[in-house]
Amino acid sequence: MLQQRRQITLPRLLVLGLYFVICSIRSGNSEVYTALAEMEELLETETVLISNLEGFIKVQQEKLDYLKTKMLEYQREHAEAAMDVTTYVSNPINAYLLTKRLTTDWKQVENLMAHDVGAEFLGNISNFRSILKFPSDEDLNGAAVALMRLQDTYNLDTSSLARGELNGIQYSTEMSSDDCFELGRQSYVNHDYYHTVLWMNEAMTRMLDEPRNRSLAFSKADILEYLAFSTYKQGDVESALSMTNELLQLLPSHERASGNKVYYEKELKELSVKKKVKGDDGTDETPKSDLPISKAEPSVYDYTERKAYELLCQGKLKPTAEQLRNLRCRYVDNNNPYLRIGPMKLEEASKDPYIVVFHDAMFDSEIEIIKKMARPRFRRATVQNAITGELETANYRISKSAWLKTEEHPIIQNIVLRSEAMTGLDMVSAEELQVVNYGIGGHYEPHFDFARREEVRAFQGLNTGNRIATVLFYMSDVEQGGATVFTAINVSVWPKKGTAAFWYNLHRSGEGDYRTRHAACPVLTGSKWVSNKWIHESRQEFRRPCDLEPDNAEFAV
């Protein structure tokens, strides 16, 4: 190889820098979209990849610069020879140099042109995949679904969202047509034809506005194919036919589109007579689509509650003036020696059922220690199957959680003792401290913390009874979203770092209080950290005696 050519390797400092970054990142491909703490590691992965790409470009540029230098050198010699060929070649030095160029020199140039100087960097990427955290296809789908969830819950306009705006605030760079196309494709895979249409239309608009020379992984025909079938699935056969005709103008030999065109025309004729939409009866005449589809998830709660949930998350549904008028803030000590020295600040969020918020219930130093302990143990949060009693993941709960034992650290012991002082309840039968971090659009749809009568296997093995009460600590401020909403009573509790919400899940009779059905709204912007103590019935006999009388507006303090 030519002496001038540099050895194509990463600079030593770059190698060392990459090594230390890589060593600081945990390997594995667990669901990163379910917790923002996991998502942060993806930026570290991208840092390594950018450095690798920078090295790749550098060696490619060095190769091109050298070849360009040799080309200019040869062009000068050739131009001089062309002015008088006979005189040039009759010079023995020129004759030697010409012969050398066409043997040794050009062979070296040929070898350099053929040499893949970027092979090492391509190999790096393969190696990185085994030691860095990379998102999976499931993460991509989960992130796309999260954006759709945020769009619906907070009533976000598609174009504004594509511009990087969240509730009118510019947070990020705009999406490209390719970004929008992928959102539409992921929606289609999930049988979500409504969002498929929204995002494919946005992709079409942006594609037409972008420079013509931009390389795209899809075409206008691809968008029309998704739009036509998704529009049909929404019941608009006429528009589906129009889009199919437009697709056939671009690709006249598109076999699937040709078949769908015949079906749509037949469907429209029947509709004009019967005024009835067909196509979902399982017959072979149904329009065809070989685009990827995944199994759809059923709705888990009715439309009325869904609308209440969304309005509460948006802050548009609030308690009445009459309800607010009776709410109070005060200092409480529960006759507890610990709290007599430093009473807790209590804010009432609801009188009936009685829901309160304690302020300064957890300190910043405690929060950081708990986060540090929880991060390495994070696993996808689970719910209990009402039939089997087994724990399982669910799409209506997107977060990661870790469980910390009381005896693990003095800070946790302090929090447990403080919880007992705040609530007046015994903590021996309480579950371990659960720490939760919500991911992209992280949420937990309306649910009960207590087990209903039909859930006979709930909390089996604990032998501590039902969950009598919940203490929910907020360990971070959230810029937008993330409220805890009680859908039956139109009450919202907004995250504030260091506060703790508390409510009883059961009446004194032991029956569940169905008014405590609540949800965690999706996090629109920011990172939401919470921890909770679920307190059980066992050992509360004298703390909160059983009673068959109504216990409205009753509390331990």
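This is a predicted model: local features need pLDDT of at least 70, side-chain atom pairs count only at pLDDT 80 or more; totals for chains, interfaces and linings use all residues.
Reader: Which other strand pairs with E9, and over how many bridges?

Author: Strand E6, residues 379-380, pairs with E9 over two bridges, again in the antiparallel sense. Here Arg379 has Ser401 of E9 as its bridge partner.

Reader: Why is E9 described as largely enclosed by the rest of the structure?

Author: A residue counts as buried when its relative accessible area is under 20%. In E9, residues 399-404, five of the six residues are buried, so the strand is largely enclosed.

Reader: How many residues of strand E16 are buried?

Author: Five of the five residues of E16, which spans residues 500-504, are buried, so this strand too is largely enclosed by the rest of the structure.

Reader: Which way do the residues of E16 point?

Author: For a strand, sort the residues by the side to which they point. Ala500, Phe502 and Tyr504 point one way from E16, while Ala501 and Trp503 point the other way; all are buried.

Reader: Which strands does E16 pair with?

Author: Strand E5, residues 355-359, pairs with E16 in the antiparallel sense over four bridges, and Phe358 has Ala500 as its bridge partner in E16. Strand E12, residues 467-474, is joined to E16 by five bridges, also antiparallel. There, Thr470 has Trp503 as its bridge partner.

Reader: What is the order of the open sheet of four strands?

Author: The order is E11-E17-E14-E15, with antiparallel pairing.

Reader: How many bridges join E14 to E17?

Author: Three bridges join E14, residues 484-486, to E17, residues 518-520, and the two run antiparallel. Phe486 stands opposite His518 of E17.

Reader: Which helix lies across these strands?

Author: Helix H13, residues 303-314, lies across E11, E14, E15 and E17, and runs at about 140 degrees to E14.

Reader: Now the surface. Which residues form the nonpolar patch?

Author: Val85, Val89, Leu98, Leu102 and Trp106 form it, with about 450 Å² of accessible area together. Next, ask which elements supply the patch. Helix H3 (85-90) and helix H4 (92-114) each contribute at least two of its residues, and H4 has the largest share, three residues.

Reader: Is Leu102 buried or exposed?

Author: The cut-off for exposed is over 50% relative accessible area. Leu102 lies in helix H4 and is exposed, at 59%.

Reader: What share of the whole protein counts as buried?

Author: Of its 557 residues, 46% count as buried. The accessible surface comes to about 29500 Å², with 54% of this belonging to carbon and sulfur atoms.

Reader: How many helices and strands does the protein have?

Author: The protein has 17 helices and 19 strands. As for contacts between residues at least 6 apart in sequence, 74% join residues at least 24 apart.

Definitions and conventions. Residues are numbered from 1 along each chain as its sequence is written. Side-chain values use heavy atoms; hydrogens and water are left out. Buried means under 20% relative accessible area, exposed over 50%, partly exposed in between (1.4 Å probe, protein chains only). Contact means heavy atoms within 4.5 Å. Accessible areas come from the Shrake-Rupley method with a 1.4 Å probe; for residues, only the protein chains shown count as cover. Two strands pair if DSSP finds at least two bridges between them. Patches are made of residues with over 30% relative accessible area and no salt bridge: like charges are joined within 9 Å, nonpolar side chains (Val, Leu, Ile, Met, Phe, Trp, Tyr) within 5 Å. A salt bridge is a side-chain nitrogen of Lys or Arg within 4 Å of a carboxyl oxygen of Asp or Glu. Axes are lines fitted to C-alpha atoms, for helices over the stretch in contact, and angles run from 0 to 180 degrees between N-to-C directions.
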